[in-house]
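User: I have a model open and want to go through it with you. Can you take it piece by piece?

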Amino acid sequence: MIKMIELNKLKLLAQGGQAEIYELDENKVIRVLRNKEDEEYLKVELSVMKSLKEKDKAVPTVYEYRKIEERPSLIMERLNGDSMLEQIRKSPLQILNYAERLATLHMEIADSAEGLGLISINDRAAHLIPKSELLEPKLKEFILTILSEMPRGNDICHGDFHPGNIIITKGQYYVIDWFGATSGNKLSDIAHTYLILRNTPRLPGITGFQNFIISRSASVISGRYLSTCAKLQPFDRSEFSRWMVIRAAERVFYGSPFEKEALIKFLRKCWNAQASGVQANRWWQFI
Ligand SMILES: Nc1ncnc2c1ncn2[C@@H]1O[C@H](COP(=O)(O)OP(=O)(O)O)[C@@H](O)[C@H]1O
Ligand SMILES: [Mg+2]
């Protein structure tokens, strides 16, 4: 018989944007989604994590999918340790090492998305970008034309790869939070990480000085992250820039309100650059 799980009897360990994490026991946690409608996404997360684990990739073991109090949930291995973000805060002098680690991990973790039934990043973008009311029609047209020319890939793309989604346990780095995984070209996922590292939004309650420190360290991390990725696997800067345009436009739809203004500014700069003949291989510098 399956044991009943009552959330109000469990300890709440953490809360993220999509989910709450409860302690089930010493070795297991339950990731419980906030939104009952997101069942399909959690099943995607389950199949991606299982497949990565079978290939010995650094993700926690997932044990079971369940509905708990009608909310889609995953029971998974408990990882005791800081996130990379917390580690960076504790040891800021190690920032460049962490940036290199972030890049290496990103290059290593992705694998073939064959047979996983993931939505392609190209299709998801084609679905989300037209929905955004913050992008004027002509700007949207510029973005969607670029999208129509982007190559399709078949790598697993994490969708939210950043230091907060990496947990360090006994010196080993694990990647969590596969909720937004898609299939596509790995470069699109690297472009996304670079974009969110560069554009750490100013949050309410954070002073100008703190914000300065956060954005300075983010720009240090982003630079070393990108140069390490390029060293491990050289890529075309024009394709990279164009993926940044696509991923920025997607986030104008689904991102946090604090980041959108800067994203739209970036998109406008790229659009103007194209109009005045500046090649796409330079657009990535506009963020
Ligand atoms: N397997 C795990 N073991 C221990 N803590 C976890 C585990 N998975 C997630 N957490 C904690 O919960 C937080 C939110 O989890 P995450 O999967 O990133 O959810 P969200 O999609 O809401 O960001 C993480 O930052 C981490 O502190
Ligand atoms: Mg997360």
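Predicted model: local features only at pLDDT ≥ 70, side-chain atom pairs only at ≥ 80, totals over all residues.

User: Into which domains is the protein divided?
Analyst: There are two entries: domain 1 covers 7–77 and domain 2 covers 84–286. The bounds come from an automatic or database domain assignment.

User: OK. How far apart are the C-alpha centres of the domains?
Analyst: 24 Å, for domain 1 and domain 2.

User: And what area is buried between them?
Analyst: About 1,500 Å², with carbon and sulfur atoms giving 67% of it. Buried area here is the accessible area (1.4 Å probe) that two parts lose on being put together, summed over both.

User: How many salt bridges between the domains?
Analyst: Three. A salt bridge is a side-chain nitrogen of Lys or Arg within 4 Å of a carboxyl oxygen of Asp or Glu. Elsewhere in your list of names, Lys 57 forms a salt bridge with Asp 111 through their side chains, at 3.7 Å from N to O.

User: Which element gives the most to the side of domain 1 that touches domain 2?
Analyst: α1, with ten residues. Helix α1 spans 39–54; helices are DSSP runs (H or I, at least four residues) and strands likewise (E, at least two), numbered from the N terminus.

User: Switching to the metal. What coordinates the magnesium ion?
Analyst: Asn 165 (OD1) and Asp 177 (OD) coordinate the magnesium ion (ligand 2), at 2.2 Å. Donors are N, O and S atoms within 2.8 Å of the metal (3.2 Å for Na, K and Ca), and water is not among the atoms, so sites may look incomplete.

User: Where do those two sit?
Analyst: Asn 165 is in the loop between β6 (155–157) and β7 (166–169), and Asp 177 in the loop between β8 (172–175) and β9 (182–184), so the pair ties together parts twelve residues apart in sequence.

User: Are they buried or exposed?
Analyst: Asn 165 and Asp 177 are both buried (under 20% relative accessible area; exposed is over 50%, partly exposed in between, 1.4 Å probe, protein chains only).

Technical notes:
Residues numbered from 1 in each chain as written. Chains lettered and ligands numbered in written order. Heavy atoms only, no water.
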